[in-house]
Structures are given as structure tokens and as C-alpha cells.
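Please read them with the structure open beside the text.

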Amino acid sequence: MIDGGSQQPPPGTPQPAGSGNSGGNGPPLIATASPAAPGPGGGGSGGGDRGRLRLGDLLVDQGLISKDQLDQTLGDQKSSGKLLGELLVERGLVPALVLVQTVSRAIGLPGCVLRHGLIDPALLPLIGKEEAERLKAIPMFKLGQTLTVAMAEPQSLPAIDTLHRLTGCEIRPIFALQSNVLEYIKKYSGGGSDIDEFLTSLGERDVEVVERESVDEGPSTDLAAMVAGSPVVNLVNVAFLTAVKDKASDIHIEPDKKGTRIRYRIDGVLRDLMKAPAGMHAAIVSRVKVIGKMDIAEKRLPQEGRVRIVAEGRDIDLRVSSMPTLLGEKVVVRILDKSNLRVRLEHLGFRQGAMEAFRRTLELSHGLALVTGPTGSGKTTTLYSALDLLRGPEVNLLTVEDPVEYQLEQVNQIQVNEPIGLTFARALRSILRQDPDVIMVGEIRDHDTARVAVQAALTGHLVLATLHTNDAPGAVSRLHDMGIEPYLLSGSLNGVVAQRLARTICPSCATKYYPSERVLEDGGLADKVGRPFRKGAGCRSCHDTGFKGRVGVYEVMEVTPELRRMIHLQKATHELREQMKRHGGLTLRDEGVLIALEGKTSLEEILRVTQSDDVEELIKQASAAPGAGAVPVKPAPPVPHQPAAPSSKSPQTPTQTREAA
Ligand SMILES: [Zn+2]
């Protein structure tokens with residue numbers, strides 16, 4: 001391998017042993033080739049005379065090699081055309097790792113010694129073998145839009161520009177020895193055989209999991225840990241880490257004919273995260289199952305697992321679920337990020353008036369406070385934030401949940417277990433014997449649960465619960481339907497929050513625009529003509545969706561004495577709504593439009609998430625307008641961008657809508 005090394009050092013090396021000479025003893029740190037001999041793999045880019053530290057000096061200064069060794073190697077380097085560093089490593093004078101560490105410390109960039117396991121082989125085709133060799137760079141892994149690349153010359157801006165152009169990714173350079181980089185380009189450009197190689201190298205050790213699995217903190221803070229595992233471990237780590245960083249709610253790992261498809265759900269929408277090459281699926285699934293403490297041998301039955309990890313310094317619960325499919329097992333990992341939970345009520349997106357109304361319902365020592373909305377509308381988060389507000393040493397707080405999504409301090413949480421008969425209703429009855437102050441019921445789904453919850457509210461407890469209805473006034477008729485007598489409900493209900501989650505506009509591509517008159521009129525917002533709204537144009541940062549993150553839209557119905565009377569009299573839902581509005585309550589649509597006017601989200605998004613309002617609105621108008629075609633025709637499902645049928649245009653709605661400040 002080394003042929004230059006066998007030669008005798010020529011007498012009289014050009015650089016005298018005196019270290020600090022302007023001539024320097026050795027090439028600059030990064031362009032480690034001898035400027036005189038840019039031979040094979042020389043890559044001796046210039047810049048050697050810009051007064052940078054010289055590698056040889058540095059190694060001598062640090063006592064890693066002697067001056068004699070340096071001088072001798074420098075001499076051989078001339079004739080061999082090899083890089084000084086590489087020669088030193090070849091000769092065993094400096095271990096590769098030490099050399100890498102020395103250089104990376106000096107240039108202030110991370111460095112690594114490449115080996116199987118640090119490189120995602122699927123990435124090399126992004127730049128191709130020839131360019132990789134020319135640039136002396138090999139992609140290691142991709143995290144979102146950031147590509148980490150091992151480079152022999154990580155400070156070469158032209159090389160980084162080229163990599164950026166070829167891949168469309170932000171480039172994060174990492175120093176590696178040139179011979180090491182070239183070696184792995186060769187290995188990974190040879191086709192799929194290396195995948196088999198590293199799969200067979202996947203030993204037991206690689207799929208061992210510690211009691212408390214810790215996903216490392218990512219390349220920015222702890223590269224060493226990131227690259228320490230096998231390719232499969234890395235890939236899974238990267239997938240988990242990316243999902244946590246991007247605040248995804250789920251990761252989907254599914255087999256397809258070409259390999260493994262990994263997607264994740266962000267802001268309610270599934271997106272491709274990465275693709276793993278064919279042949280890795282079983283290993284990836286096994287790794288995830290090991291993390292989830294599941295049985296990796298059982299591949300024919302669905303399984304569930306659960307684990308806590310620390311990622312990005314945050315405590316995160318993972319729920320792993322596996323399911324056999326035709327092509328192999330599909331795994332879904334639900335990410336429950338507790339730091340999201342520490343969101344205080346004030347941070348959920350309540351507008352001032354709605355927030356105050358909701359707080360008033362929580363300040364009462366007893367009664368029923370409900371949060372309603374469809375699945376995935378953030379009801380549980382709202383309840384947890386309410387609990388966060390209420391908990392304290394002087395309060396006995398108990399919950400019945402299915403499932404317990406987050407563990408809360410100072411809260412006694414009970415998991416419903418139907419198979420053994422621990423239902424919501426039964427757990428609730430037991431809770432009442434535990435001297436509770438505040439009780440949270442995950443969901444009221446049946447008569448039994450509704451009855452016990454109402455009784456608890458009537459007997460001096462504050463009861464929080466979720467219910468599946470579209471709007472706040474609808475909760476009343478829903479509970480009637482569940483068999484709760486009006487007099488019980490009127491006596492116990494404090495307030496109802498109905499909510500939706502609307503995607504917020506991506507700050508990187510937000511633009512101002514004026515919706516067409518038609519859209520506004522169709523949405524019942526004729527008075528908003530000429531008012532500017534915002535939307536996202538779509539950019540890389542938001543994956544071209546124009547949205548990033550979500551905000552809650554809340555309709556709060558505080559039960560006033562008048563409303564209480566109306567509930568007792570079993571008034572219709574639309575009448576309750578009218579009363580709510582008279583008392584200053586805003587509907588979901590009204591709240592949403594105000595949020596859109598504030599520029600947090602787009603009008604179309606609000607019309608989309610509040611579209612179920614339209615049906616109610618139509619019914620209300622039909623029944624309110626005398627002689628107007630008595631029975632409302634159920635409108636076709638609204639199209640997201642033009643949500644309402646023209647007939648929903650109501651003269652009332654605009655005047656009821658408050659202007660944003
Ligand atoms: Zn954007």
C-alpha cells in the first residue's frame with residue numbers, strides 16, 4: 001500500500017527543523033497535500049501560504065510526533081506525492097483518530113473516521129461517484145434538508161457550493177481523512193453488496209437497548225454519539241430525531257416493493273421523510289421493535305410497545321404499534337412530546353375574550369366544563385393545560401383516560417382497561433370515593449359515564465371532560481341524547497369550549513393578499529372585502545405547503561343564568577347559540593376569521609376547519625327565517641376553498657362578526 005514510505009528520506013529536507021519558520025514544515029491543515037506534489041489524490045489546493053497553522057507543526061507542538069519523524073515523513077512525502085497526514089497514519093506514527101481530532105479541533109469543524117455504519121449508502125447517488133471522488137466528499141446522512149458530508153477539505157467553499165447545487169440540501173461538512181473518504185466512495189459506489197455486508201455485520205450488540213433508550217442529541221451537539229451506531233441504528237435515530245425536531249406526531253415505517261418508506265405526520269399531514277434501500281426493512285422494523293420493547297420474533301401478529309426517550313433534551317413518550325402487511329410489517333410510532341404539554345393555557349392560542357371566559361368556568365369549585373371537537377382537534381391538550389392550571393398541593397386531582405397520553409406530576413391518572421371491566425364509568429365511581437377536588441374524564445362516550453360525571457359535578461366536584469360535538473351549544477343536546485335530564489344539566493354545566501386546529505402560515509414565505517369578493521361573500525364575510533389577509537406562498541422550509549405549526553381556534557360558551565334557564569327548558573341548539581352570541585360569545589368561524597385577520601393563518605384554512613359550522617348555520621337560518629323554504633336542504637360537503645353554498649350568505653353573520661382591533 002505504501003510505496004513512498006519505503007524510500008529513504010532524501011537528505012536535506014527543504015524545511016529545517018526550526019519550527020516557526022515562514023516556510024513552515026508541512027502543508028496547510030486542510031489542503032494536506034504538499035503544494036509541490038499534487039500527485040494522485042494530492043488535491044493540494046492552494047492557500048498554503050495564508051499563514052494558517054501547519055499540520056506538522058501542530059503535531060510536533062502537541063508532542064504527537066517528534067521533529068525527526070516529521071522531517072523524515074516530509075521528505076518521503078515529496079517523492080510519494082502522498083498527503084502528510086495520510087503518510088503519518090500509514091506509518092503508524094499517528095493514529096487516524098488522533099489525526100482527525102487534531103485537525104478538526106484546529107479548524108473548528110467536527111471530524112470522524114469513516115467506517116461502515118456511519119454512512120447511509122442510499123445517499124451517494126445524490127452526487128455520484130465521480131463528483132464524490134473529485135470533491136473528495138461522501139454524504140453520510142440526511143436530516144431534513146441538511147446533508148452531512150464527510151470531506152477531506154471541509155473548508156473548501158467551492159466544493160460545498162457544488163454539493164449544495166447537486167443535492168439541493170444545506171451542506172454540513174465534517175472532516176475525514178482523504179484516503180478514508182475515497183475508500184468509502186469506492187465501497188459504496190459498488191452497488192448493493194455493501195448493504196448486505198453491513199446487514200450481516202449487524203450483531204446482537206446493535207439491537208440492544210438500554211432501559212431508558214436515549215436518542216442522542218443530534219449532529220449539532222453530539223455528532224460522535226450520532227454516528228456511533230450501525231447504519232440501521234443511525235437511520236432509525238435520524239428518523240426519530242428528525243420527527244422530534246420537526247414536531248411530528250407520528251412516524252410511519254412501511255415496506256414497499258423498492259425498500260422501506262418512512263413518512264411522518266406534521267400538522268396533521270403525512271409527508272415523506274426518507275427512503276431506505278431494499279433489504280433493510282426487517283432490520284429497521286426489528287430495531288424499532290427493540291426500542292419499543294416488543295417481541296422481534298413475532299412478525300405475524302400486531303403488537304404494541306411503549307418507551308420513554310430523551311431527544312433534543314426533551315422527555316418523549318413513544319407508542320409503537322406494529323402490524324403485519326402483505327409486504328412485511330408496518331410500524332407506526334406515535335410521538336408524545338411532554339414538552340409540548342407544558343404549554344400553558346395562555347399559549348394555546350385562545351383570544352383574550354375566549355380565554356377569560358374559559359378561565360371563569362375553571363375557577364368555579366364545582367360543575368362541569370366540557371371541551372368538544374372532532375378527533376385530532378387538540379381537545380386533550382386543552383384539558384391537560386386546564387389541569388396544569390388547577391394542580392397544586394392543596395388539590396386532589398384525578399383523571400380517567402383512554403389512553404393516558406402524558407403523565408402529569410401531582411395528578412393521579414387512571415388508565416381505562418375495558419377487558420378487565422375498568423370502564424370510564426366504573427373508574428369514575430371509584431374516584432368519587434377518593435375524595436377528589438378536580439376530576440378529568442378523558443371522554444364522555446356513553447350514558448353511564450355522562451351520568452356519573454354530571455352527578456360528580458352536582459356534588460361539589462369540578463369535572464372536566466371531552467365530548468364529540470361540532471360546536472359548543474351542541475354539547476347540550478348531545479348530553480340530552482345520552483339520557484341526561486335537562487334539570488341535571490342546567491344545574492351542572494359551567495361552560496363548553498369547542499375547538500379546531502388551524503395550520504399557521506409559514507413565516508418564511510408569508511405574503512399578503514386580498515381574497516376575491518366571491519370567496520368572502522361565499523364565506524359570509526362580505527364586510528371583509530378590501531381587508532388584507534395573509535397566506536404562505538410555499539417554500540422549502542414548509543415543504544411547499546405554506547403552513548408551519550398549528551393554532552387553536554376556540555368557541556367558548558359560558559353558561560350564564562339565562563343560558564342555564566334555556567338549557568332547563570330544552571331550547572334548541574341554534575337558540576342556545578344565539579344567546580351565546582348575545583352574551584358576547586363568538587362562534588368558531590368568527591374566532592377563526594379574527595385569527596386570519598391577525599395574519600396567523602389563511603382565510604381558506606379557517607373556512608376549511610370550521611366548515612361543519614355551515615350546516616348548522618343553514619339549519620339555523622332556515623328555521624329562523626319565516627317562510628323561507630322551511631326544510632333546509634343539507635348542503636353538499638363544502639369544498640375547502642369555497643366552503644359554503646351561496647344560500648348560506650347571511651346578512652346577520654357579518655354584522656355579528658367583530659372587527660379585529
Ligand atoms: Zn414556507
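1. In which helix is the place of Ser286? Ser286 sits in helix H11, residues 281-291, where helices (H or I, at least four residues) and strands (E, at least two) are DSSP runs numbered from the N terminus. Ser286 is buried, its relative accessible area being 15%; buried means under 20% relative accessible area, exposed over 50%, and partly exposed in between, with a 1.4 Å probe and protein chains only. Leaving out residues up to four places away in sequence, Ser286 touches Ile296 and Lys299, a contact meaning heavy atoms within 4.5 Å.

2. On the basis of these values: the model is predicted, so local features need pLDDT of at least 70 and side-chain atom pairs count only at pLDDT 80 or more, while totals for chains, interfaces and linings use all residues. Residues are numbered from 1 along each chain as its sequence is written, and side-chain values use heavy atoms, with hydrogens and water left out.

3. As for the overall picture, the protein has 25 helices and 18 strands, and 52% of its 661 residues are buried. Of the contacts between residues at least 6 apart in sequence, 65% join residues at least 24 apart.

4. The zinc site deserves a look. The protein donors of the zinc ion are the SG atoms of Cys506, Cys509, Cys539 and Cys542, lying 2.3 Å from the ion; donors are N, O and S atoms within 2.8 Å of the metal (3.2 Å for Na, K and Ca), and water is not among the atoms, so sites may look incomplete. The angles among the four donor atoms run from 107 to 112 degrees and the site is tetrahedral, a label given to four donors if all angles lie between 85 and 135 degrees.

5. Along the chain, the donors of the zinc ion follow the spacing C-x2-C-x29-C-x2-C. Cys506 lies in the loop between strand S15 (493-505) and strand S16 (510-513), and Cys539 in the loop between strand S17 (533-536) and strand S18 (547-558), so this pair ties together parts that are 33 residues apart in sequence. Cys506 is buried at 0% relative accessibility, and Cys539 is buried as well, with a relative accessible area of 17%.

6. Strand S18 also holds Glu555, which counts as buried at 0% relative accessibility. Helix H20 (residues 561-568) and helix H21 (residues 573-582) pack at an angle of about 175 degrees with their axes 10 Å apart, the axes being lines fitted to C-alpha atoms, for helices over the stretch in contact, and the angles running from 0 to 180 degrees between N-to-C directions. That angle makes H20 roughly antiparallel to H21, since angles under 35 degrees count as roughly parallel, over 145 as roughly antiparallel, 65 to 115 as roughly perpendicular and the rest as oblique. Glu562, Leu563, Met566 and Ile567 of H20 make the contact with Glu575, Leu576 and Gln579 of H21. These residues divide into four nonpolar, one polar and two charged, where Ala, Val, Leu, Ile, Met, Phe, Trp, Tyr, Cys and Pro count as nonpolar, Asp, Glu, Lys and Arg as charged, and the others, Gly among them, as polar.

7. Lys571 has its place in the loop between H20 and H21 and is partly exposed, with a relative accessible area of 34%. Apart from its neighbours within four places in sequence, Lys571 is in contact with Met566 and Leu576. Lys571 and Pro486 are 85 residues apart in sequence, and their C-alpha atoms are 9.8 Å apart in space.

8. Some backbone details could be checked by eye. The peptide bond from Asp402 to Pro403 is cis, with omega near -5 degrees, and Pro403 is in the loop between strand S11 (397-401) and strand S12 (412-415). Lys136 is a residue other than glycine with a positive phi, near 50 degrees; Lys136 lies in the loop between helix H5 (129-135) and strand S1 (137-143) and is buried, with a relative accessible area of 10%. Asp435, not a glycine either, has a positive phi of about 50 degrees; Asp435 lies in the loop between helix H15 (424-432) and strand S13 (438-441) and is exposed, at a relative accessible area of 59%.

9. Lastly, Arg608 lies in helix H23 (residues 603-609) and is partly exposed, with a relative accessible area of 33%. Arg608 and Arg589 are 19 residues apart in sequence and 9.9 Å apart in space, C-alpha to C-alpha.

Terms used. Tetrahedral: all angles 85-135°; square planar, octahedral: opposite > 155°, others 65-115°.
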